[in-house]
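Me: I've got a model open and a few questions about it. Can we go through them one by one?

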Protein chains: 2
Amino acid sequence: MKPYKEMSKEELEGLVGDLENEYQSYVDMHLSLNMARGKPGSEQLDLSRPMLDTVNSTSDLIAEDGTDARNYGCLDGLYEARKLMGDMMDSKPEDVIIYGNSSLNIMYDQISRSYVFGVMGNTPWKDLEKVKWLCPVPGYDRHFGITEFFGIEMINIPMNEDGPDMDAVEKFVGDPAVKGIWCVPKYSNPGGVVYSDEVISRFAHLKPAAKDFRIYWDNAYCIHHLYDEITIPDILEECKKAGHPDMVYKFASTSKITFPGAGLSALATSPANKADILNQMKHQTIGHDKLNQLRHVRFFGDFAHMKEHMKKHAEIIRPKFEAVESILDEQLGGLGVGEWTKPKGGYFISFTGLDGTAKTIVHKMKEAGVVMTGAGATYPYHADPHDSNIRIAPTLPPLDEIKQAAAIFAVVVKLVSAKKLLEAMN
Amino acid sequence: MKPYKEMSKEELEGLVGDLENEYQSYVDMHLSLNMARGKPGSEQLDLSRPMLDTVNSTSDLIAEDGTDARNYGCLDGLYEARKLMGDMMDSKPEDVIIYGNSSLNIMYDQISRSYVFGVMGNTPWKDLEKVKWLCPVPGYDRHFGITEFFGIEMINIPMNEDGPDMDAVEKFVGDPAVKGIWCVPKYSNPGGVVYSDEVISRFAHLKPAAKDFRIYWDNAYCIHHLYDEITIPDILEECKKAGHPDMVYKFASTSKITFPGAGLSALATSPANKADILNQMKHQTIGHDKLNQLRHVRFFGDFAHMKEHMKKHAEIIRPKFEAVESILDEQLGGLGVGEWTKPKGGYFISFTGLDGTAKTIVHKMKEAGVVMTGAGATYPYHADPHDSNIRIAPTLPPLDEIKQAAAIFAVVVKLVSAKKLLEAMN
């Protein structure tokens, strides 16, 4: 079939008629499918079931340093947990803090504390006229949700194939009101972008006007490869070499490694940042769940085994990604109605359609029983300037449901695109 | 022996000489004992070991409402966990939010959100000239630590035998800058005070000038009886009846029921407060650890079994409390050098010595190898106006160590008191 943009009005009208019928046949099926959130599927969760036996009623519950993991204490986490999460994040155990079950919660708390108390003696953000934040787009809606909640002005940064547009980043950090940037450096959400060595080096060499500017480096998918392992330089090490050891906070969790909601989360940063954080955090908690730390440490043994575990995840979800990709290739290829990513890892496929179609596509998907991430969610303030980006999350549903949902998606994209082009003709 | 205050200078001098020798013999033993924190002992922790088997690799991990407890979601916690913690807190499941492992963290977050975003549409505290807080004294150091950290001005409220001095509380809440009060209503920390029905009723009928005044009702020891069960009226219900349904947040955790650091924490409050909290909390997390919620629910089954479990705790720690009490009775009774509580529950004995002796006593205990809670810790800003209150935490060490520590404590109290009285003669 030829590109839609080359079609005549009559051709498009005929197409729309056929597609309406095809769409209606899906609606009549009263489906209930969900491609909205980056949630692991049940089969993936089963991979970590044996972890639940590693801490049982007869286990030795004393940590390596003699700490009783059942009792209070240990603000920055057990050494062995800091070692495991540190290995995963390319950091030394001394530079790691283990938190509760959610890295999102760490990021929120980090911003909250910076806002109220300030970063390393700098003015608390609440006392500033204006605080701004850089947001590579499309990006992660929950990141943007935190900065929006704190009234921080978000600035869109275009995302290139090798990471954020560093010319733009370098320009904006000259503004002392700019205090941070959201980054998902490997398999970005939703684009699947892997930051290049050059981009990472330019990050490390940033000269921000604000002394308390911090890179929020969210290692959400750092070992979540769909194919071969991809490694990138460690931003903390690069910042150190560039003479900016305190410029980055790295975040990670095992939410998509073991159990979302029952995993470990962690932060890795410089010794000075860590001391600053603990000095504030000591008022908030006596320590996080050390039994769950033991559970993870004993299940994996070491980082090598964690990587093996991730290969099993990849075997389960790779076919889901490939199914979506091949359906989109087959159904939409050559039509000029959209582009989609073919990520090498992470949890999402990013679809970019014709301008002004994303909201309608997501709405019609919902009417056909398929819940997708809200259009606009990948932009600060939910404001996609082109109304064109849609995040596809293929991991949760079983393979057959994913195929069905992708097939419906292709029909909806064609239908909405054809109608959009027709509209433009009138 | 007669009261120290009736002794002559010579008698006191002789006494001090003997006590110095006795004290030195303890110092020479190079002990390492700890009566500082309210931590359960190892034998208590063993009581909950079987809980670790209730969620294992072959368990059904689906909650009552069909939620997969392994995956993301469920911001306010599983229904069955809200039911269990609600029963413990005298609240309906609908009024409960389950959090992570620490009720201290809930209180911190609650104050942090009130500070930054405000309570139910009221002005955020950060934007007010002054925020004040009522602190019944002696009280819990970590409570005071939070309000101090946020720069909130703390006002001491005398603690009577039946709860805080309500005349003072009623007077101070007339000030619109007063936004809250710390309460541990049953077995207060450290005094072991149980609030009377009248005190609770007067709390419920408070008419605070500030619309966002909240009672922070910390049910830290609500079922932590050493002897028979003691029940008190439910403050939330009383507030509702008095027409102030939104005036209280209740907090609790299983830290001293199952595992400190690996328990559940919860908040119970009115539907309006709960909605306000969740509306803010949704930016911070997707949900807390639901596998740990299942673990607790399956271990206890219901609240009746939780109460049975608490009797086992009491059997372990009651002898420790009684050992301290009887040693103090024996060694210090009739000397007029201090008073101590004989609590019916909770985790502490509160000792009040002669004015100006607490710091010295704690210091000399440390030199003899016994770590105690810092003198002054039971007052805001660590400022005990009489330098007389010391918190004794008898739960952690084994019984024989507790007896030894109490014996040393008695010697140190006698020595420091005698020297203090001598000083006054010079």
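Me: In which loop does Tyr381(B) lie?

Reply: This is a predicted model, where local features need pLDDT of at least 70, side-chain atom pairs count only at pLDDT 80 or more, and totals for chains, interfaces and linings use all residues. Residues are numbered from 1 along each chain as its sequence is written, chains are lettered from A and ligands numbered from 1 in the order written, and side-chain values use heavy atoms, leaving out hydrogens and water. Helices (H or I, at least four residues) and strands (E, at least two) are DSSP runs, numbered from the N terminus. On that numbering, Tyr381(B) sits in chain B, in the loop between β12 (370-372) and β13 (389-392).

Me: And what is phi of Tyr381(B)?

Reply: Most residues other than glycine have a negative phi. Tyr381(B) isn't a glycine, yet its phi is positive, near 60°.

Me: What kind of peptide bond joins Asn189(A) and Pro190(A)?

Reply: Most peptide bonds are trans. Pro190(A) is in the loop between β6 (178-183) and α7 (197-204) of chain A. Omega from Asn189(A) to Pro190(A) is about 5°, and the bond is cis.

Me: What about omega for Asn189(B) to Pro190(B)?

Reply: Pro190(B) belongs to the loop between β6 (178-183) and α7 (197-204) of chain B. The bond from Asn189(B) is cis too, with omega near 5°.

Me: How much area is buried between chain B and chain A?

Reply: Counting contact as heavy atoms within 4.5 Å, 57 residues of chain B touch 58 of chain A. The copies meet through the same surface, because 100% of the interface residues of chain B are also interface residues in chain A. Buried area is the accessible area (1.4 Å probe) that two parts lose on being put together, summed over both. Carbon and sulfur atoms give 53% of it, and the total is about 4,800 Å².

Me: Which residue forms a salt bridge with Arg70(A)?

Reply: A salt bridge here is a side-chain nitrogen of Lys or Arg within 4 Å of a carboxyl oxygen of Asp or Glu. The rule finds two across the interface of chain B and chain A. In one of the salt bridges, with the closest N and O atoms 2.7 Å apart, the partner of Arg70(A) is Asp46(B).

Me: How far apart along helix α3 are Asp87(A) and Lys83(A)?

Reply: Asp87(A) and Lys83(A) form a salt bridge, the closest N and O atoms being 2.8 Å apart. Both are in α3 (residues 79-88) of chain A, and being four residues apart they are separated by about one helical turn.
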